[in-house]
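Please examine the sequence and the structure shown below. The paragraphs that follow lead through the model step by step.

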Amino acid sequence: MTKVINDQSIIMVTGASSGLGRAICVALGGLKANVLALGRDAEALAETQMLVEKAGGRCLCIPFDLLKFDGYGKLFLSLKDQVPHLDGLIHCAGSLDRCTPLQYVKADDFRKMLDIHLAAPNLLTQIMLPLLRRAEAATVIFTSCDMLSDDLPNWHGYGMAKRALGYAAAMWHMEHPDKPYRFATLNPGKMRTTLFKRAYGGMHPNEVPTPEGAAEGFLRILAASSEAVNGKSLQLEDALRL
Ligand SMILES: NC(=O)c1ccc[n+]([C@@H]2O[C@H](COP(=O)([O-])OP(=O)(O)OC[C@H]3O[C@@H](n4cnc5c(N)ncnc54)[C@H](OP(=O)(O)O)[C@@H]3O)[C@@H](O)[C@H]2O)c1
């Protein structure tokens, strides 16, 4: 099934207060969509809301810490009566304190990477399933990175979690083969964001593109036919060809 994004579409984006997540929210606003923007920083979310509305869409801010797993049930309860359905769930939230060789990585840093990049998107998908089920057809997109396909050193839990997201989309798809929702994982490539500046200290941010081009890749997946994306891992250039 091919989806059309319009003023009836309701799409949740995590990591919406900054970088890629914000760029996707604004791009969705340009299609008049209704955006549920999730992040921790309420002021930054309000800025995203202003940009989405300026672009022509509507935006509800959801200040929420995705590392507080005990709060997921309450989050769902707060949304279930005001959100009629969820046509899309785009997982962009992420963080990286430092790149470290595995022999030196601290347990807390390692676990945090697995929690925010792997546990959170899967458990948020799980808790939001009833809202996704209410949509005619829904799409869930996990955001990976170059480690989706490349073996690179020093990325510890971040790289391992990002690699596993390709499997996550495939597993969700296999477990829901006949349902009107689909799952995909996208590597957006390097982008000029806060996370990039922290992770790639040796590279000048101007050497990489702003996140708007990658946001287009997410929109293409949302609009693509199920067969083209369901359960698959895509590089940005694959998504832009959809
Ligand atoms: N930039 C790159 O070169 C690059 C390359 C490949 C993949 N990616 C991926 O792209 C995604 C977006 O990253 P970005 O580059 O746009 O970085 P960014 O500008 O730092 O944005 C990260 C977002 O994640 C949110 N976030 C972090 N921890 C959170 C938590 N515990 N609960 C809720 N929200 C949280 C942040 O919001 P708050 O601070 O408001 O919570 C922020 O909105 C990440 O998954 C990243 O791994 C980035």
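**The ligand, the sheet and the core**

In this predicted model, 30 residues lie around the ligand, and G15, G19, R40, G94 and L195 come nearest to the ligand among them. Two elements, α1 (19-30) and α6 (194-199), each give two or more residues to this shell. Sorted by class, the shell comprises 14 nonpolar, twelve polar and four charged residues.

The strands may be considered next. Seven of them form an open sheet, with parallel pairing and the order β3-β2-β1-β4-β5-β6-β7. At its edges stand β3 (58-63) and β7 (232-235), each of which pairs on one side only. From one strand to the next, the twist averages 20°. As a general point, the strands of a sheet pair through backbone hydrogen bonds, in either a parallel or an antiparallel manner.

With strand β5 (residues 138-143), β6 pairs in the parallel sense over six bridges, and A138 stands opposite Y181 in β6. Strand β6 (residues 181-187) also pairs with β7, in the parallel sense and over four bridges; here N187 stands opposite Q235 in β7. How many of the residues of β6 are buried? Seven of its seven residues are buried, and the strand is thus described as mostly covered. Y181, F183, T185 and N187 point one way from β6, whereas R182, A184 and L186 point the other way, and all of these are buried.

Strand β4 (residues 88-91) contains G88. Why is G88 classed as buried? G88 is buried because 28 other C-beta atoms lie within 10 Å, and the cut-off for a buried residue is 20 or more. If neighbours within four places in sequence are left aside, the contacts of G88 are I11, A138, T139 and L222. G88 and I5 are separated by 83 residues in sequence, while their C-alpha atoms are 9.7 Å apart in space.

The largest nonpolar core remains to be described. It has 66 residues, of which V13, I24, C25, V35 and A37 touch the most other members. Helix α4 (residues 107-133) supplies the largest share of this core, namely eight residues. When residues up to four places away in sequence are not counted, V35 touches I11, V13, C25, L28, G29, V52, G57 and C59.

Key. Residues numbered from 1 in each chain as written. Predicted model: local features only at pLDDT ≥ 70, side-chain atom pairs only at ≥ 80, totals over all residues. Pairing = 2+ DSSP bridges. Axes fitted to C-alpha atoms, helices over the stretch in contact; angles between N-to-C directions. Near = placed C-beta within 6 Å. Nonpolar A, V, L, I, M, F, W, Y, C, P; charged D, E, K, R; others polar. Core = buried A, V, L, I, M, F, W, Y, C linked by C-beta atoms within 7 Å. Buried ≥ 20, exposed ≤ 12 C-beta atoms within 10 Å, placed from the backbone. Contact = placed C-beta atoms within 7 Å.
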